[in-house]
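Visitor: I'm new to protein structures and would like a tour of this one. Could you show me the model and talk me through a few of its parts?

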Amino acid sequence: MKILVLVKEVPDAAVEKTIGADGRIDRSGEKTLNPSDTNALEAAVQLKEAGADVSEIVAVTVGPDSASRSLQGAVSRGADRSIHLSDAGLAGSDVVATGYALAELVKRENPELVLLGQQSDDAGCYAVGSVVGQFLGQPALSQVSKLELSGTTLTLERQAEYGYDTLEVTLPAVISVSDSANEPRYPSLKAIMGAKKKPVEKLDLAGAGIDAGKVGTAGSGVECKDFQAPAAKAAGTIITDEDTAATVEQIVAWLDSRKLV
Amino acid sequence: MANILVYGLAHEGTVNKNSRGAVSEAAKVASELGGEAHAVLVGTNVDDALAQQLGAVGATKVWTVNAAEGVAQTAADAISALVEAQGYDYVVFGGGLLGFEIGAAVAAAIGGGITVEATELAVDGGRLVAKRPIFGDTLLSTSHYKGKGVIVARTNAFEVKETGGSATVESFDAPASAAAGQVTLKVRGEQRGADINIEDAQILVTGGRGLGTAENFSVADGLAAAFGSGAAVGATRAVVDAGWFPYAGQVGQTGKTVAPKLYVGLGVSGAIQHKVGMQSSENVLAINKDENAPIFEFADFGVVGDLHKIAPALTEAIKAKKG
């Protein structure tokens, strides 16, 4: 079976996120592979290691040319090859438009299983997996913390509204992997070097057969604007512990002032 | 006329609070739009009494769909068909895991735009808009929809408002897609570990990944014991998933919602999924060695440092003070 892992390049967590003059997330600073995607890649590798008949793992991304570095990082974590869709026409795509483009890429590959991270570090919509599943006509399940494959049946576990749910899914399916599913391993130096030699297919919208009218700003059904600061909450007191006795004294004084001890 | 459709998540005879809050919020803006708030319940045991739980909080009509519950795809199929058949412009979800999944699938199916983590609905120029905090709640963004809009609320963002009204109830037969048939829910809502009560605690000491090991929960236990009766110990999803603490003690989006007089976070980063379960706490004290932890953005008193040094010393200090 073939597993596709959808990955994304996001601003590094240490970079303060801002909205640029164009009304979109400013992505000019340091960037990295979305942390949550490493759980999806690890899950793919673990399925293979657990004895599933995995013929290949393919990392797929939609993003500007600069995202190739993060895509290579994804490959170093266990993918055999990668696909990179990059086109100026994609700029401004909302989650439905992005999901549509990803679904079109998935259709070209026709894998049995699509894995992705639970959430992106930047926009944080937790939604793209379900959008991709809908466009593919396949079930999509998110926040999956345990997955076991037997033939074409995937048994999944996750925390839902009322406790733990156990589900069985007949493949093909789209699965968003929770950060509690595994502890992603760091790639070895050999894997990092090797990733540079793995095949990467670079596509634009026309090359991928994607309807340009359904992506980008024009193809998006939602526009985010009117950015404003939220109602201010009185800022808390933050101290750094240098002398624990003094720190504890300050905490107790604060508790006392709030009549909590 | 623009009616709004709201998804009602129900389990064991009760519609959850987030769904009821979403109905109240939708009713608030529906009147401004010159329309009504309608709701839809999906399940194999949906009766009039369940439907009227939504009538009582602002829904004028409740659709009932007889289909498997607890699985996103069946609900998404039904809601997409209902939007098509009845011409709803907006669909609102009260949040939670299924809300995100169903909402995203519906948005793709009906060709609408989607906003998640919304904290407020409003009307602008005769159209519904949704406000969403972004970037760790440092900025508020407003979503405008070109056509149809799907809004998934942040957990606990919308307040339930009892109107004492009632709804007309009508069943809707929806065709299920092939994809729905691929999923079987084997076990729903399994509780694991000890049954502990954190919702009634006046003081809640919550342990996060920063505790390091399951054994280190003794640090949290010790601090809670020093505070005395009325204090309890809770945990974040990460440590519950790691098997360090029972599920019944989990605070956050997929756990319990708490509002103690004092919340103490030990090694808790304060991710948004945790924050939504404790942000109504009266006082928040956080100890974490990572100065960039989001919890410091909403803590009333934060200490950047090693909890393994500070918490035991604090425990002794509180004991000494209490005599």
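Predicted model: local features only at pLDDT ≥ 70, side-chain atom pairs only at ≥ 80, totals over all residues.

Visitor: Which strands stand at the edges of the open sheet of 6 strands?

Guide: Helices (H or I, at least four residues) and strands (E, at least two) are DSSP runs numbered from the N terminus, and two strands pair if DSSP finds at least two bridges between them. The sheet's order is 13(A)-18(B)-17(B)-16(B)-14(B)-15(B), with parallel pairing.

Visitor: What is the bridge partner of Leu285(B) in strand 18 of chain B?

Guide: Strand 17 (residues 283–288) and strand 18 (residues 301–304) of chain B run parallel and are joined by 4 bridges. In strand 18 of chain B, Leu285(B) has as its bridge partner Phe301(B).

Visitor: Within what arc do the buried residues of helix 8 of chain B fall?

Guide: A residue is buried if 20 or more other C-beta atoms lie within 10 Å of its own, exposed if 12 or fewer, and partly exposed in between, with C-beta atoms placed from the backbone. In helix 8 (residues 307–322) of chain B, the buried ones are Leu307(B), Ile310(B), Ala311(B), Leu314(B), Thr315(B) and Ile318(B). The arc is that of the directions from the helix axis to the C-beta atoms. Seen down the axis, these residues line one face of the helix, because they fall within an arc of 135°.

Visitor: Which residue follows helix 8 of chain B?

Guide: Its phi is positive, near 75°. The residue is Gly323(B).

Visitor: Which strand gives the largest share of the side of chain A that touches chain B?

Guide: Two residues are in contact if their C-beta atoms, placed from the backbone, lie within 7 Å. The contact takes 62 residues from chain A and 76 residues from chain B. Elements of chain A that each supply at least two residues include helix 3 (95–109), strand 13 and helix 7. The largest share, 8 residues, comes from strand 9 of chain A.

Notes:
Residues numbered from 1 in each chain as written. Chains lettered and ligands numbered in written order. Expected span 1.5 Å × (residues − 1).
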